[in-house]
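This briefing is for a reader who is new to the structure shown below.

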Amino acid sequence: MASINIKLNQEKVSQLQDICKEFNNDKGELINVLHKAQHLFGYLPAEVQEVIAHELKTSAAHVYGVVTFYSFFTMTPKGEHPISICMGTACYVRGAEKVLDEFKRILKVKVGETTPDGKFSLSCLRCVGACGLAPVVMVGEKVFGRVSPDGVKDIIGEYTK
Amino acid sequence: MAKFKIHLLVCGGTGCRASESEALFHNLKATISEKGLENEVQVITTGCFGFCEKGPIVKVMPDNTFYTQVTPADAIEIIEEHVIKGRKVQRLLYENPETKEKVVDSKKMGFYRKQLRIALRNCGFIDPENIDEYIGRDGYMALGKCLTELTPEQVIEIMKKSGLRGRGGGGFPAGLKWEITRASKADQKYVVCNADEGDPGAFMDRSILEGDPHSVIEAMAICGYCIDASKGLVYIRAEYPLAIERLKTAIKQAREYGLLGENVLGTGFSFDIELRYGAGAFVCGEETALIHSMEGLRGEPTVKPPFPSVSGYLGKPTNVNNVETFANVPVIINRGAEWFASIGTEKSRGTKVFALAGKINNVGLIEVPMGITLREVIYEIGGGIKDGKEFKAVQTGGPSGGCLTQRHLDTPIDYDNLIAAGSMMGSGGMIVMDEDDCMVSIAKFYLDFTVEESCGRCAPCRIGNKRLIEILEKICKGEGTMDDLDNLRNLSQVIKDTSLCGLGQTSPNPVLSTMENFYEEYIAHVMDKKCPSGQCKSLLQYIIDAENCVGCTACARNCPVNAIIGERKGVHVIDQAVCIKCGACMEKCKFNAVFIK
Ligand SMILES: Cc1cc2nc3c(=O)[nH]c(=O)nc-3n(C[C@H](O)[C@H](O)[C@H](O)COP(=O)(O)O)c2cc1C
Ligand code: SF4
Ligand code: FES
């Protein structure tokens, strides 16, 4: 595997190697390495996984197995403004599904997809810990509380100006 | 805390931060410096007060004034009126919803009156980023006492006598677990804190870690002393950035004070703590899966025995306890096993923290003595059902639990009673539902979660739950038959009996308990093709009442799919073939002309 055909530029590869080194190239630290790598790249494409497998002296299949097991890791890039709808129980009983439907309708994407212009991606998460504000929507780091289906277009509007 | 005359405590929990409590904090600080009051008034950020419904919260001490829904712009008024002139800002005070009276002293609020805060003792009182404040409230005293006055066996004896049971869901006696782990011989052992908190709609552990991280650190060290471990690991969800930050800060401070690291307090005992991050998999809350995840593997559970206490992390004896379990430990050591055991019921001692949410007036984090009734929790602490609706059910135990109904309102809450009632304690999620919630949909919601989170290792859970949800979907679409109901029951039983781990063994509970308690709703979906609460879209129709319709066209203009036809000033009609049942017309109609059939 010494000569993997990488589309990543050399600088990114060495950043990745540094991350692995930080954890002593220990494959027991794979999940920590993946967290850092995803932080760096925004997602974990196959090439990144291969470099990590190589550095930690494990198989790419093992790395892939771990990446796909955990929902926090993603192999597709997120939109410029990642939208997450809380689907925790508290939000669900206060109407999160209707809010989600409205996002899907306006953005014309399904959960897990990104709009063709790369601006928005849509995902669900479980309980942000702000159940008092249910239903809750997060755009990037910003939390919107007590969102009604009517309010959805205003939220999207804030990011399309 | 001595030199300041007035303390302003601003909630820095996740919920309040989402409503700009940070900006509020900065404004308060700025106003105080502007007025030159830095030496008299102190502002600190604390952990969650629990009263998330009305956040952001500002509490003024020493007079216990409790301001709710405070905006950053209110900072000036609080300083000028309350702090300088000594006049409470009336409009920000909490108002008793029944008497409409303003509550001046938070101790008099119904929300707090019935609570007893042990695990949450410091949340909302101290600055979680300052170890001195924790120490000021007897922090690390228990650790000192254990290391200098008690043998590990004596500490374990205290834990056993206290009757503390695991708060992560299983309810296994904590003292006994420590004893078993102590008895396992090995060169290295581990203390693990389970902070994975996967139950959707629950945030107890997160609030403890955000509001009082040192209590967990102290307890882990005590546990390490008892079982002979020098290493502790906290497995925490990556989705909890604030809790992670606070924990990191706390560990660093504890090291600086010689409370973690080599030779703790000069006693020769060494203990240190590292963090491990979860990555969004519910099953990793299960202890064997959690251990595999910490080893960098897929978080799949394995068969027990061997239990982690015998063979856990890297094959070494590992004591896994939940965050809340740990948070109780220092108080038990300080105040004694007898004191703790005097609270609660015979088989469930102490208190339990619940995340109370859903259709309830006071959403928030509460801690109550075991044995309290659901009625007290929902009506006295929770302030009753939102918008004056009818109570229908309360769900405890998350995806592994079940729904309790009107019949159970007076059952004392403890581990065994909840199981007898067809639910379970779980980690502490408590979701209240009203007349508008469809119980078939709720069962489907939880199953949806389980199917997504099943690790796929064993067939009953991987395939069985998928079949369960397909049947539920069919029923919600009005295509269900009576045979489907039998199949639901039988299949549920098989999944429970044959799954490998706790996830599969409990996943059918939401189905079974709703079938048990709300069978008539299932029948209505299957036989009458109706959803009594009007939630299942396929089973309802939006109709315009010709008598009430004045032809204002509001509905037609707001229909996203143009399903409504009609002339201005003429009666409008909804084309059922086009309607997507979004309900926009009903919301927009000012004349109550749209109804659901
Ligand atoms: C599917 C599943 C999910 C679990 N999730 C959690 C969790 O999120 N937090 C937790 O503390 N325990 C969880 N548990 C329980 C743990 O396996 C374990 O019993 C617990 O951490 C032991 O600590 P305690 O005795 O202090 O409760 C879960 C169990 C199962 C089967
Ligand atoms: S019961 Fe479900 S979650 Fe547990 S091991 Fe089997 S497939 Fe995995
Ligand atoms: S369920 Fe949505 S924030 Fe808790």
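**Briefing on chains A and B**

Lys104(A) and Asp101(A) both belong to helix H6 of chain A, where they are 3 residues apart, about one turn of the helix. Helices (DSSP runs of H or I, at least four residues) and strands (runs of E, at least two) are numbered from the N terminus. This is a predicted model, in which local features need pLDDT of at least 70 and side-chain atom pairs count only at pLDDT 80 or more, while totals for chains, interfaces and linings use all residues. Residues are numbered from 1 along each chain as its sequence is written, chains are lettered from A and ligands numbered from 1 in the order in which they are written, and side-chain values use heavy atoms, with hydrogens and water left out.

**Salt bridges**

- Side chains of opposite charge can pair when their charged atoms come close.
- A salt bridge here is a side-chain nitrogen of Lys or Arg within 4 Å of a carboxyl oxygen of Asp or Glu; the count over all chains comes to 44.
- Lys104(A) and Asp101(A) form one of them, at 4.0 Å from N to O.
- Lys104(A) is partly exposed at 31% relative accessible area, and Asp101(A) is partly exposed at 28%. The classes are buried (under 20% relative accessible area), exposed (over 50%) and partly exposed (in between), with a 1.4 Å probe and protein chains only.
- In chain B, Glu376(B) and Lys114(B) are joined by a salt bridge of 2.7 Å, N to O. This pair links distant parts of the chain, 262 residues apart: Glu376(B) is in helix H15 (residues 374–381), and Lys114(B) is in the loop between helix H4 (110–113) and helix H5 (131–136).
- Lys114(B) is partly exposed, with a relative accessible area of 31%.
- Glu274(B) and Arg276(B) also form a salt bridge, their closest N and O atoms being 2.9 Å apart. Shared partners join Glu29(A), Lys231(B), Glu274(B) and Arg276(B) into one network of salt bridges.

**Interface of chain A and chain B**

- Contact means heavy atoms within 4.5 Å, and 37 residues of chain A are in contact with 54 residues of chain B.
- About 3500 Å² is buried between the two chains, and carbon and sulfur atoms give 56% of this. Buried area is the accessible area (1.4 Å probe) that two parts lose on being put together, summed over both.
- Across the interface there are 6 salt bridges. Asp150(A) forms a salt bridge with Lys588(B), with the closest N and O atoms 3.2 Å apart.
- Helices H2 (30–41), H4 (60–69), H5 (89–93) and H6 (96–107) of chain A each supply at least two residues of the side that touches chain B. The largest share of that side, 5 residues, comes from H4(A).

**Chain A**

- Chain A has 7 helices and 4 strands. From the N terminus on, its elements run α-α-α-α-β-α-α-β-β-β-α.
- Its C-alpha atoms fill a box of roughly 55 × 30 × 20 Å along the principal axes.
- Of its 161 residues, 50% count as buried.
- Among contacts in chain A between residues at least 6 apart in sequence, 60% join residues at least 24 apart.

**Two residues of helix H3 in chain A**

- Gln49(A) lies in helix H3 (residues 46–55) and counts as buried at 4% relative accessibility.
- A polar atom of the Gln49(A) side chain lies 3.0 Å from the backbone oxygen of Leu44(A).
- Leaving aside neighbours within four places in sequence, Gln49(A) is in contact with Leu44(A), Val63(A), Tyr64(A), Val67(A) and Met75(A).
- Val51(A) is in helix H3 as well and is buried, at 4% relative accessibility. The C-alpha atoms of Val51(A) and Gln17(A) are separated by 7.8 Å, with the two residues 34 apart along the chain.

**A buried helix in chain B**

- Helix H9 (residues 204–211) of chain B is largely enclosed by the rest of the structure, because 8 of its 8 residues are buried.
- The buried residues of H9(B) include Met204(B), Ile208(B) and Leu209(B), and also Asp205(B), Arg206(B) and Glu210(B).

Definitions and conventions:
Polar contact = N/O pair within 3.5 Å; in protein donor to acceptor, adjacent residues only side chain to side chain.
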